[in-house]
Amino acid sequence: MFCKQCGTEVEDDAKFCSNCGFSFTPKKKVNSKKVLFSAKPVFIPWVTALSVLPLQLFFTVWAGGFFGGFSLFGIKALGLDIPLWFPFVFFACLAFFGIPFLTYYAKKKTYAKTEYKFYSDRLEYAEGFWTAENKSIKYKNITEANFRKGVIQKKYGLGTIILSTPAAGFQHGRARSGIAILDIENTEDIYNKIKDLID
């Protein structure tokens, strides 16, 4: 082997460099099966409800008009004694209350099932509810790491860590690059631990 200090070739079992006196510390064996630390996202209900509001309003109007309009044909064809305004209001209400409920339920279940486990040589994560995904990423494949905190995340002491990789999986049938570790606590501390692992 070679001395890291001066580059002199030394014996493999040497404890000191014969040229500069640099001390060699034996490499510690790492247990790649032991989880060093883990992270789970924190679910904030009102943020989920607020984030879906524009979509909720759009589909309320669209569902009321589209499905309500089509329902009129059925009501008239069957000769049902139902007020003409009823299908419009019914489908509008269905969209207005249904969309936030489904979004809330899906995100809560997704966050409950999501966990990021950091080992000595890799990151393993499981995420998703409708579509479950389990993946293992070697640290040597991570090209860049950074973190950010949005305004709402700061209020709750959360943040997001982005790990860039050449290819990290597929989403909607297309390859996506990078892993977003969303809405986790102690972001800076975990970010620094990740940096130590990938450096």
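Two strands are taken to pair if DSSP finds at least two bridges between them. In this predicted model, Ala-126 stands opposite Asn-134 in S4, a position that belongs to the pairing of S3 with strand S4 (residues 133-138), in which the two run antiparallel and are joined by six bridges. Within that pairing, Tyr-125 has Lys-135 of S4 as its bridge partner. The hairpin of S3 and S4 has five residues between the strands, and Gly-128 in this hairpin adopts a positive phi near 105 degrees.

On the S2 side, strand S3 (residues 122-127) is joined by four bridges to strand S2 (residues 115-118), again with the strands running antiparallel. Here the bridge partner of Lys-117 is Glu-124 in S3, and the hairpin that leads from S2 to S3 passes through three residues.

Taken together, four strands form an open sheet with antiparallel pairing, in which the order is S1-S2-S3-S4. Strand S1 (37-39) and S4 each have a single partner strand and stand at the edges, so that one side of each is left without a neighbour in the sheet. From one strand to the next, the twist averages 15 degrees. Helix H5 (residues 187-198) packs on this sheet, where the helix touches S1 and S2, and the direction of H5 makes about 130 degrees with that of S1.

Definitions and conventions. Residues numbered from 1 in each chain as written. Predicted model: local features only at pLDDT ≥ 70, side-chain atom pairs only at ≥ 80, totals over all residues. Heavy atoms only, no water. Axes fitted to C-alpha atoms, helices over the stretch in contact; angles between N-to-C directions. Contact = heavy atoms within 4.5 Å.
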